[in-house]
Amino acid sequence: MNIKEHNTSPFQRINKLLDKYFQLQPSLCIERAIIYTDVFKNTEGEPIIIRRAKAFKEYCQKKSINISRNELIIGGAASKPRAAIFCPEHASDWLKDEIDTLDTRHQDPYEVKDKQKKILKSSIFPYWEGKTISDHWIKQIPQDVKQIAVKTGIIDVEIKTQSAPGEIAPGFEMIINKGINFIINEAKEKLSCLNYTIPEDFEKINFYNAVIISLEALISLAKRYANLANKMMEEETNSNRKAELKKLSKICERVPAEPAQTFWEAVQLLWFIQIGSHMEGNGPSYSPGRVDQYLFPFYKSDIEKKELSENEVLEIIECLYLKFAENTWFLSKNAAMYFAGYQPYQNITVGGVKPDGSDATNELSYKFIKAKMDVQLHSPSLAVRIYKQSPEEFLLAVAKLSKMGTGFPAIHNDEAAIKMMLQTGATIEDARNYQLVGCVEPYIPGKMSKWTDGGHYNFASAIEFALTNGISLMNGNKQIGPKTGDPINMTFDELKEATKAHLAYFIRNIAIACHIAEKLHAELTPYPFMSSLIDGCLEKGMDITVGGAKYTIGPAFIGTGIADLSNSLATIKKFVYDNKSVSMEQMIDAIKNNFENRDNLKLKIINQSPAFGNDDDYVDNFAREMTDFAFNEITSYKSFRGPNFISGLYPVASHVPHGLVVSALPYGRLSGTPLADGCSPKGGTDRNGPTAVLKSVSKINHDAHVAGTLLNMRLDPFVAKDVDGEKRIAALLRSFVDLNIYHIQFNTIDSEMLREAQKNPDQYKSLIVRVAGYSAYFVELCREMQDDIIQRTIHAL
């Protein structure tokens, strides 16, 4: 297999761009770090929001820009494609520690030049020492929280100290139809009504000035691209490319300052907003959302006027997909294990219902799916919305993409998602208009601020700690959890309560750590550019970090490994308490010794234990009980910005690093191995087919976990390969909707191919797999992640 065989577009232009893309190596870009550092040195004492706006402006005016041959959508957040933007104001200590090993680290290495190292060590790191969010956070969290929250793997809360919060969807529809100058004028009008002599106006004045500076900065960046395209046009000898460059120059002169008038302009405007978001904060999950809805009027007009052909529209979309794949999210070695695969989690959404409840599927819905078939890249993520009345043609298109083996699309159930959004206080019209951000998170576009990743915890550590009286066997036998008593003397209900006590302890510590992170973002890194694009912020004169958005919810606490906990409780109940064939002493001894020299016990447990994913209430009820308990604990705490925290059940990739610090578990899982991801069964334990998996997962109260839930399922590629296979997938999706499950996604790929890719990675650079709520290039994942994907149960249909 080579690149050309695996990525086939009907357009020669796209195939050339794909060939070039797969020659790229992820690298470090420090232009932003240099520029921001210089601006911050020269603006000491000014309001922080103004300093950040000025730094953003300087970056827009001085960053390197380029236009590649064959591109129809232009612009980049970094100095070159697949380069990672370093934002030192969030965290610089980790890069200081890792800079000499960045290019060789276990997961997500980046090329770095000696010249860059010298600049970082001589001027960037020294300036930011003691000034970053990370520096403040580590000094402000209480010692007992630090003991469990910092690099133990039991919970993970550091991620929100390393970048902008992200996980947000600007109001693309509004911006495309009104242009940035409209927002600038609105900010100026608001500013004209304020007075420095009124105390409550002071912060608003700074906010509006920062918004104006930031938005004018992005316009200046677009003008630079217009000038570059014009210069290249004058030097171009190929008449077709000359015409394209001339057109691009005119487009960039107009957008994003003014409203888009054509489909091409609308897509280019979208892209400028996307890179502006990344430039401001290197956050995850900046997501354009329902592109088939807000781009449709431009598509329809251009087709009717014969300004574009159907093929030209598809080609522009495929060019857009290539640009998305150039972005990356820069993280530390530790964080990269939780978010593996250079994935920025940019999410595009198609299908579903309109705000009035009618079917939203249109010609563009199919084109965005077709483009994902042609351009098989890890980003953007493609999410589809389905519901009971979804057209059969649309479900078959979804099935056709699903069987290609790239892990796309992620499939979401409108009935469940709309209920989630209503619980956040959204109107029914806004709830029906939800999109997806990040992995699986439902979101109201242009109106919501929702950290969907305030912290990660795993359910499996709770049962380990209940059996060890709070000692972490994989963290040097440390007393990390509270002492809940000797399990040998407990009844089963008492053991469950001890498990819940540890879950509650994890959640309490995440709440404390997250409060501090939220507060520090508000104090040190407001985001005026992004705030200007979210409904409510301009009206209130408030940044998103202090509750400016119309709907401010979360942050979310994300749990994974519910199957590991449920299977463990079911195993203990059956063997220790019900049939008494294994003593608690034997069970604990086996766990502490990783089942070594206890093969008979392990075999007995594996063969006879009830397991989540087989439609068995004996174990499935534990999944519902424990996730309900986690939901109630999480939502009992209020966040810094005011609302209650929210719950989510998806791992990103945290089931692998969490698994590294969890001991052997009662149901036979060995120490250090990956946990089950999200709401998915543990690989190899779901033996009764895909319908049984759906029925087990449906017993979890998905509506409660408004940050989203995740179900991974692996399908036999040989069963799904023909048209009948597409129909079987479509039928499975109808069952998924009927059972009120929120999300499902498929890996449809042969294990032999994956093993071959492990042996010959250079021949499989473009091989994409579903990791959890996202897809990644298989050969760019660490071995642990690769093995976890291979061991997942393959289901026939």
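**Figure 1. Overall dimensions of the predicted chain.** The model shown is predicted. The C-alpha trace extends over about 80 × 65 × 55 Å along its principal axes. The secondary structure consists of 34 helices and 20 strands. Of the 797 residues, 65% are buried. Where contacts link residues at least 6 apart in sequence, 77% of them join residues at least 24 apart. The accessible surface amounts to about 26,300 Å², and carbon and sulfur atoms account for 49% of this area. The chain carries 92 positive and 98 negative charges, whose mean positions lie 3 Å apart.

**Figure 2. The largest nonpolar core and the surroundings of Phe263.** The largest nonpolar core comprises 285 residues, and those with the most contacts inside this core are Phe263, Leu295, Ile369, Tyr457 and Phe506. Helix H11, residues 202-235, supplies the largest share of the core, with 17 residues. Beyond its neighbours within four places in sequence, Phe263 is in contact with Leu295, Phe298, Tyr299, Asp302, Leu308, Val313, Ile316, Ile317 and Leu364.

**Figure 3. Glu265 in helix H13.** Glu265 belongs to helix H13, which covers residues 263-281. Is Glu265 buried or exposed? Its relative accessible area is 8%, so Glu265 counts as buried, the cut-off being under 20%. When residues up to four places away in sequence are not counted, Glu265 touches Ile251, Arg254, Val255, Pro259 and Ala260.

**Figure 4. Phe368 in helix H18.** Phe368 is located in helix H18. With a relative accessibility of 1%, Phe368 is classed as buried. Its contacts, leaving aside neighbours within four places in sequence, are with Val291, Asp292, Leu295, Ile317, Tyr321, Ile348, Val350 and Leu382. Phe368 and Thr709 are 341 residues apart along the chain, and a distance of 24 Å separates their C-alpha atoms.

**Figure 5. Helix H19 and its packing partners.** Helix H19 is formed by residues 392-402, and its buried residues are Phe394, Leu395, Ala397, Val398, Ala399, Leu401 and Ser402. Which elements do the buried residues of H19 pack against? The strands are E4 (347-351), E5 (381-386), E6 (410-413) and E17 (743-747), and the helices are H18 (363-374) and H32 (723-738). As background to this view, an α-helix has 3.6 residues a turn, so residues three or four places apart point the same way.

**Figure 6. Pro170 between strand E3 and helix H9.** Pro170 lies in the loop that connects strand E3 (155-156) with helix H9 (172-178). At 1% relative accessibility, Pro170 counts as buried. Not counting residues up to four places away in sequence, Pro170 touches Ile175, Ile273, Ser277, Ser287, Gly446, Met530, Leu533 and Ile534. Pro170 and Ser379 are 209 residues apart along the chain, with their C-alpha atoms separated by 18 Å.

Figure 7. The bond from Ser379 to Pro380 is cis, with omega near 5°. Pro380 is situated in the loop between H18 and E5. A cis peptide bond also joins Gly554 to Pro555, where omega is about 5°. Pro555 occupies the loop between strand E13 (551-553) and strand E14 (556-560).

Figure 8. Arg82 is a residue other than glycine, yet its phi is positive, near 60°. The loop that holds Arg82 runs between helix H4 (48-62) and strand E2 (83-85). Arg82 has a relative accessible area of 5% and is therefore buried, a class that requires under 20%. Asn740, likewise not a glycine, has a positive phi of about 60°. Asn740 is found in the loop between H32 and E17. Why does Asn740 count as partly exposed? Its relative accessibility is 23%, and the partly exposed class lies between the buried limit of 20% and the exposed limit of 50%.

Note on methods
Residues numbered from 1 in each chain as written. Predicted model: local features only at pLDDT ≥ 70, side-chain atom pairs only at ≥ 80, totals over all residues. Heavy atoms only, no water. Core = buried A, V, L, I, M, F, W, Y, C linked by side-chain atoms within 4.5 Å. Buried < 20%, exposed > 50% of the residue type's maximum accessible area, 1.4 Å probe, protein only. Helix = DSSP H or I, 4+ residues; strand = E, 2+ residues; numbered from the N terminus. Contact = heavy atoms within 4.5 Å. Areas by Shrake-Rupley, 256 points an atom, 1.4 Å probe, with all protein chains shown as cover. Lys, Arg positive; Asp, Glu negative; His and termini not counted. Charge placed at Lys NZ, Arg CZ, Asp CG, Glu CD.
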